[in-house]
Amino acid sequence: MSATRLDGKATAGAIRTELTERVAALTAAGRQPGLGTLLVGDDPGSRWYVNAKHSDCAQVGIASIQHELPADASQADVLAVVAELNADPACTGYIVQLPLPRQVSEAAVLEAVDPDKDADGLHPTNLGRLVLGVPGPLPCTPLGIVELLRRYDVPLAGAEVVVVGRGVTVGRPLGLLLTRRSENATVTLCHTGTRDLAAHTRAADVVVAAAGVPGLITADMVKPGAAVLDVGVSRVDGKIAGDVAAEVVDVAGHVAPNPGGVGPMTRAMLLSNVVTLAEQAG
Ligand SMILES: Nc1nc2c(c(=O)[nH]1)N[C@@H](CN(C=O)c1ccc(C(=O)N[C@@H](CCC(=O)O)C(=O)O)cc1)CN2
């Protein structure tokens with residue numbers, strides 16, 4: 001039997017509908033939420049993500065503030081736009097689209113973001129809050145993964161979860177999120193240095209593949225009935241290639257495909273963060 005599809009596109013649509021009411025209440029009170037974005041360079045994938053974020057905003061009534069810089073922008077150029085967004089009262093939350101060109105330090109830019117406008121939850125203060133279990137904006141992809149599993153009643157409490165990938169936007173914060181008392185999962189964080197990846201994934205109730213290696217997770221690496229979420233984004237011949245091989249649907253109990261799974265949830269959680277930040281801005 002084929003796995004149940006964890007439909008991120010439909011779930012994200014439902015979340016946007018839910019957010020519309022909160023946005024309308026803020027707007028009626030003269031406090032319309034506004035999402036700012038900064039896109040540096042002309043990577044077509046990054047441009048697509050940023051455009052999609054703004055079209056989501058239009059759907060729910062969030063204002064859009066778009067900034068762009070050329071691929072050869074200096075760190076000072078980027079920091080100047082970040083300072084502008086920090087000071088802009090119409091911008092209640094914003095993101096700097098990643099990755100940034102090589103000459104710009106991602107760490108320095110993320111640190112310059114006002115933590116109270118950090119719609120990506122990637123400022124060191126907010127990542128520190130995640131470690132400490134203190135409320136704050138949370139990174140959008142990990143949040144989207146947890147929300148997708150919750151809405152499909154995939155149990156996490158006591159579950160063995162294997163996360164493949166230790167990046168700052170997905171793997172590392174996801175491990176922290178899943179081990180909070182409210183989720184209560186047991187997490188193994190695997191990466192390129194993991195000796196026997198298949199031994200780990202075969203023992204897992206939930207596998208999150210975020211390594212960016214096309215077809216890395218094959219059917220023989222999955223426990224029958226497990227939930228498998230494909231977060232890997234590579235491009236092969238111009239098309240998205242996920243980390244999870246197609247035949248995994250014949251073994252798994254649930255599959256979040258790529259595209260159509262975690263990507264749309266990432267965008268929905270961004271809107272949710274922007275609305276929450278606007279509510280907190282008082
Ligand atoms: N500042 C940030 N940069 C990046 C993040 C992030 O969370 N914050 N994550 C990724 C990219 N990302 C968000 O920006 C993202 C990835 C995927 C999608 C999405 O909707 N994907 C669609 C298909 C898209 C396509 O056809 O190309 C899907 O999966 O169905 C949205 C956002 C790196 N950068």
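Two strands pair if DSSP finds at least two bridges between them; helices (H or I, at least four residues) and strands (E, at least two) are DSSP runs, numbered from the N terminus. The model is predicted: local features need pLDDT of at least 70, side-chain atom pairs count only at pLDDT 80 or more, and totals for chains, interfaces and linings use all residues. Residues are numbered from 1 along each chain as its sequence is written, and side-chain values use heavy atoms, with hydrogens and water left out.

**Exercise 1.** Determine the strand order of the open sheet and its edge strands.

Solution. Step 1: the 6 strands follow the order E1-E11-E8-E7-E5-E6, with parallel pairing. Step 2: E1 (4-5) and E6 (186-190) each pair on one side only, and are the edge strands. Step 3: within the sheet, E8 (residues 227-230) and E11 (residues 254-256) run parallel and are joined by 3 bridges. Ala 227 stands opposite His 254 in E11.

**Exercise 2.** Describe the packing of H6 and H9.

Solution. Step 1: H6 (residues 140-151) packs against H9 (residues 262-280) at about 110°, with axes 8 Å apart. H6 is therefore roughly perpendicular to H9 (65 to 115 degrees). Step 2: the contact (heavy atoms within 4.5 Å) includes Leu 143 and Ile 145 of H6 and Met 265 and Leu 270 of H9.

**Exercise 3.** State the domain division and the separation of the centres.

Solution. Step 1: an automatic or database assignment sets the bounds, giving domain 1 (30-114) and domain 2 (140-263). Step 2: their centres, taken over C-alpha atoms, are separated by 28 Å.

Key: Axes fitted to C-alpha atoms, helices over the stretch in contact; angles between N-to-C directions. Parallel < 35°, antiparallel > 145°, perpendicular 65-115°, else oblique.
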